[in-house]
Amino acid sequence: MVKHQPLQVYEKQVFVSFVTGIYGCRWKRYQRSQEDSSRWECTWFIILCSSFFLLLFWAYFWLVAQNDFNEFNWSVYNRSGEWRDETIPILASTTVGFSYITFLMILALFHISLGQQMNLYWVHKIGVLATLITTISGVVTVDDIWGDEWDILLVSLQSTAPFLHIGALATVTAISWLVAGYVVRRERSNFHVMVLLIYIVILLALYLAPLTFTCPCIMDRHSLRPRPDIIGRRGAPMLGPENTMVSFNRALQHGASSLEADVTISVDGVPFLMRDRTLRRTTDVSKVFPARQYDDASFFNWTEIRSLNAGQWFLESDPYWTVETLTERDRSRIGNQTVCSLVEMLRLAARANSSALLDIRKPPPEHPRYRSWFMDTLWAVQKAGISQKRVTWTPDTDRGRVRGLQQTANEKLSVEEIRQRGITSLTLHYSKASHKDIQEYLANNVSVTVYPVNDPWLLSVLWCSGVPSVSSDAPQVLQKVPYPIWLMSQNAYNFIWITSDLVSLAVVIGIFCFQKWRMSGMQNYNPEQIMLSAVTRRSSRDVNIMKEKLIFSELNNGLSSTEELSLYPENGYARYSDGGVSD
């Protein structure tokens, strides 16, 4: 008797070939396997997941850190001595790396969903390691030169936490399909139970996470305070060179109610506006006084300072990528700017009926005006003709000599310390001004100005917190924010939170029940019925009939091997006849 193995009928698996081909370079059917992945490949999957979550954290950090890109470039300049936009290569590499790792992560999850053995191609392994090492190096570098910026992550959660929660909940709910398919088996092991428990703990943590949120914009609309006043920090430095008359004019044109400037005292006692310790970045001192380009700016006299060009650098370096938006007239005005004196800025503020916030840098001890800097500044205020009540300055020193002028502290103080010093206002970095602190200051009639606020989301958070004023490098951006980005009552958010949790729980339970029913049905199915149904399937153009194995074996019943096997692929079954084999 001759034993024949029936023909195997395969459907085209284009999607499976695409997934396994790109992930592991296994394009052929015989290269794939549905066996469990090896421990080595599971380790690579863990490395891939680690790279994905690290890059997700890294990408989110740079997304919210856009508020402080200018501060980052300034920090790099203070270390390297060269001004350039370092955020461009960082953002480009982060986008490429995150897209690449996310794509591999999706392919890996499809492997698990389709029951395919994971076998990451060696080229991808090199790419994953390179991306992971580069990201870790970036995190270490940022922590070294810009470590204080990590605080923006906690601040940003006051605005993004409700939306991140919904996204995370949807993701973990979708992953329940993979978890259920993995753990709903008869041959459960301790590892399967551990995976299930970890998933349940993560799910429960997400369900209860909103209890820990502090979101100022979850409030009653009627409790919203008036819009914070916008202070032009160094004017509008994205539209003109910082601390110049063009920049201050642009700030007033875009709705700034006050002007903020950095004040330095020249060697002959003239207060002028300069942020840096030297004149290298924002003037052409390297051309006019090349031997003194690294000297402290305060050791130049006013005549020398006034001879420098303070606008050409802006046109050449284009620090904010805004030069192309300027008209020829604006470029001409910017190219002819000189260093601005304090008197000029205060006179502009007086004409515009606005106030001024001065950040005064004391001269070094060896400076000729070290003991008279206060009188030099006071003389400039009086000469400008501006009301002293509209001038506020830091640092909070020489309190007994200040009469009529407003002083503010740029450090976080307790209410008791504020009362002892007789201060009525604080100027704080946004990372130092929590929602609770702001409410306490306002309750004790202490005005708070927060800096730097350049993105609408941060303005919205501070607006909902009740901050009276913010200092911004981008008044033209904040001018377009007439209302907080989002505002929601506590009852409305509670409804969304509880509803999303209940929907997620119902979906997870339904998926586990479906996977349990599906698995039990497959285990109870007769293998002979599976083979029979595959053989008797009707053919179509999408079915590829492959003659993989035709085994003839003679048994001890005396039959010869001259029997004929006639194949009729058009009706999907095999038939025997005598007289040889015919196709």
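The crossing of α16 and α17 is right-handed, meaning that the near helix is turned clockwise from the far one by less than a right angle. This is a predicted model: local features need pLDDT of at least 70, side-chain atom pairs count only at pLDDT 80 or more, and totals for chains, interfaces and linings use all residues. Residues are numbered from 1 along each chain as its sequence is written, and side-chain values use heavy atoms, without hydrogens or water.

**Helix pair α16 and α17**

- Helix α16 spans residues 435-443 and helix α17 spans residues 456-465; helices are DSSP runs (H or I, at least four residues) numbered from the N terminus.
- The two pack at an angle of about 45°, with axes 9 Å apart; axes are lines fitted to C-alpha atoms over the stretch in contact, and angles run from 0 to 180 degrees between N-to-C directions.
- α16 and α17 are therefore oblique to each other (under 35 degrees is roughly parallel, over 145 roughly antiparallel, 65 to 115 roughly perpendicular, the rest oblique).
- His435, Ile438, Gln439 and Leu442 of α16 meet Leu462, Cys464 and Ser465 of α17; contact means heavy atoms within 4.5 Å.
- These contact residues divide into four nonpolar, three polar and no charged (Ala, Val, Leu, Ile, Met, Phe, Trp, Tyr, Cys and Pro are nonpolar; Asp, Glu, Lys and Arg are charged; the others, Gly among them, are polar).

**Second largest pocket**

- Its volume is about 660 Å³; a volume is the space filled by probe spheres set on grid points joined across faces, edges and corners.
- A pocket is an open set of points on a 1 Å grid over the protein atoms alone, with protein on both sides within 12 Å along at least five of seven lines; lining residues have an atom within 4 Å of a point.
- The lining has 30 residues, with Glu71, Arg233, Arg234, Asp359 and Tyr451 nearest the centre.
- α3 (69-80), β3 (258-265), β5 (355-360) and β8 (425-429) each give two or more lining residues; strands are DSSP runs (E, at least two residues).
- By class, the lining has 10 nonpolar, seven polar and 13 charged residues.

**Cavities**

- The structure holds two cavities of 30 Å³ or more; in a cavity, a 1.4 Å probe fits but cannot get out.
- The largest cavity holds about 70 Å³ of space, and its lining includes Pro241, Trp313 and Val339.
- That lining divides into six nonpolar, three polar and two charged residues.
- The second largest cavity has a volume of about 60 Å³.
- α8 (245-253) and α12 (328-335) each supply at least two residues of its lining; α8 gives the most, with four.
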